[in-house]
Amino acid sequence: MPTKNDVTGDSIQSKAPSKKYMDNYDRIFGKKTAVDDAADVMSGWTHECKVDGLLEVEKGEPCNWCGEKEDGTTD
Ligand SMILES: [Zn+2]
């Protein structure tokens, strides 16, 4: 009375969501960042602010936090 079939008896390895899956998820949907919070500012520039972290700043406008402009200068 066989208790195990050589072909199908192996336990099915579960394919739970893996790190690879999550990496792909992040690639497709994007990681949650401050930019997402500022996504309503569509035509802006991404600024890595030393005060508030990564954020989106309105085009042509300086950062509200540190005053840095898109070209990296400040007034
Ligand atoms: Zn800033």
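Reader: So what pattern does the protein follow along the sequence?
Author: Reading along the sequence gives α-α-β-β. Helices (H or I, at least four residues) and strands (E, at least two) are DSSP runs, numbered from the N terminus. This is a predicted model, where local features need pLDDT of at least 70, side-chain atom pairs count only at pLDDT 80 or more, and totals for chains, interfaces and linings use all residues. Residue numbers start from 1 along each chain as its sequence is written.

Reader: OK, the strands. Which way do β1 and β2 run, and how many bridges join them?
Author: They run antiparallel, with six bridges joining β1 (residues 44-49) to β2 (residues 53-58). Strands count as paired if DSSP finds at least two bridges between them.

Reader: And how many residues sit between β1 and β2?
Author: Three, and the two strands form a hairpin.

Reader: Is Glu-56 buried or exposed?
Author: Buried, because it has 20 C-beta neighbours inside 10 Å. The cut-offs are 20 or more other C-beta atoms within 10 Å for buried, 12 or fewer for exposed, and partly exposed in between, with C-beta atoms placed from the backbone.

Reader: Switching topic, what share of the protein counts as buried?
Author: 7% of its 75 residues.
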